[in-house]
Amino acid sequence: MAAKVFESIGKFGLALAVAGGMVNSALYNVDAGHRAVIFDRFRGVQDIVGGEGTHFLIPWVQKPIIFDCRSRPRNVPVITGSQDLQNVNITLRILFRPVASQLPRIYTSICDDCDERVLLSITTEILKSVVARFDAGELITQRELVSSQVSDDLTERAATFWLILYDVSLTHLTFWKEFPEAVEAKQVAQQEAERARFVVEKAEQQKKAAIISAEGDSKAAELITNSLATARDSLIELRKLEAA
């Protein structure tokens, strides 16, 4: 009798374990800040996005794909060239997240690692495009304008891939060693140009002074000649009067 009781208990426990396993395999959890997309073996990716909590699925037939929809930072380093052909090391910090309602399309088109497949590519593209509009000096003096243009262009570009950007900022901007040498050479050239301009202006002033001096001498000679002519006529008249 006892053996039958234990056998019944064993069968019940086995059935309960099997039932528990089946129920457990039919449940999945979505943590806070995450969303789930269901892949069905027969119907493909479903359009329904599962929110936080516990959900049911059909074991073996359906599989959940979990997405992290929290805002995440990403640093993207890029080496590019300025308008005056200076090499620039620039790092962009991006705070982003995917559009939750578009997760089925993101998984179908991009897969679940959109920051690796898309964000790096479009960030490099936009940075090179914007930096090429400025020369090296403007990248330093107009850094806010550069950052604003990068943010606007990148936000618009990312929206086509269902990504939302909350913050885009330039965190690192340096030039290769050739840049200080180019700046020094430019300063030397400017000083030489200033010196040459000073020499030219000095020669012009000396030329003007010589012309003025010559004009003065000519005027003085003319006045002396006129005076002598007048004095000669008067002297002749005086001599005539004396002779008379």
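Predicted model: local features only at pLDDT ≥ 70, side-chain atom pairs only at ≥ 80, totals over all residues.
Which residues does Leu 95 touch, not counting residues up to four places away in sequence? The legends below take up this residue and its surroundings.

View 1. Residues are numbered from 1 along each chain as its sequence is written, and side-chain values use heavy atoms, with hydrogens and water left out. Leu 95 touches Ser 71, Arg 72, Pro 73, Ile 164, Leu 165, Tyr 166 and Asp 167, not counting residues up to four places away in sequence; contact means heavy atoms within 4.5 Å. Leu 95 has its place in strand β7. Helices (H or I, at least four residues) and strands (E, at least two) are DSSP runs, numbered from the N terminus. With a relative accessible area of 23%, Leu 95 is partly exposed; buried means under 20%, exposed over 50%, and partly exposed in between (1.4 Å probe, protein chains only). From Leu 95 to Val 168 the C-alpha to C-alpha distance is 6.7 Å, although 73 residues separate them in sequence.

**View 2. The open sheet of 3 strands.** The strand order is β6-β7-β8, with antiparallel pairing; two strands pair if DSSP finds at least two bridges between them. β6 (72-81) and β8 (163-175) are the edge strands, each pairing on one side only. Between β6 and β7 (residues 87-98) there are 10 bridges in the antiparallel sense. Arg 72 stands opposite Phe 96 in β7.

**View 3. Two helices on the sheet.** Helix α3 (residues 114-131) lies across β6, β7 and β8 and runs at about 40° to β6. Helix α5 (residues 143-159) packs on the sheet, where it touches β7 and β8, and its direction makes about 140° with that of β8. Axes are lines fitted to C-alpha atoms, for helices over the stretch in contact, and angles run from 0 to 180 degrees between N-to-C directions.

**View 4. The largest nonpolar core.** A nonpolar core is a set of buried Ala, Val, Leu, Ile, Met, Phe, Trp, Tyr and Cys residues joined through side-chain atoms within 4.5 Å. This core has 36 residues, and those touching the most other members are Ile 90, Leu 92, Ile 94, Leu 139, Val 150, Leu 154 and Leu 165. Helix α3 gives the largest share, 8 residues. Among the residues that Leu 139 touches are Val 88, Phe 134 and Leu 173.
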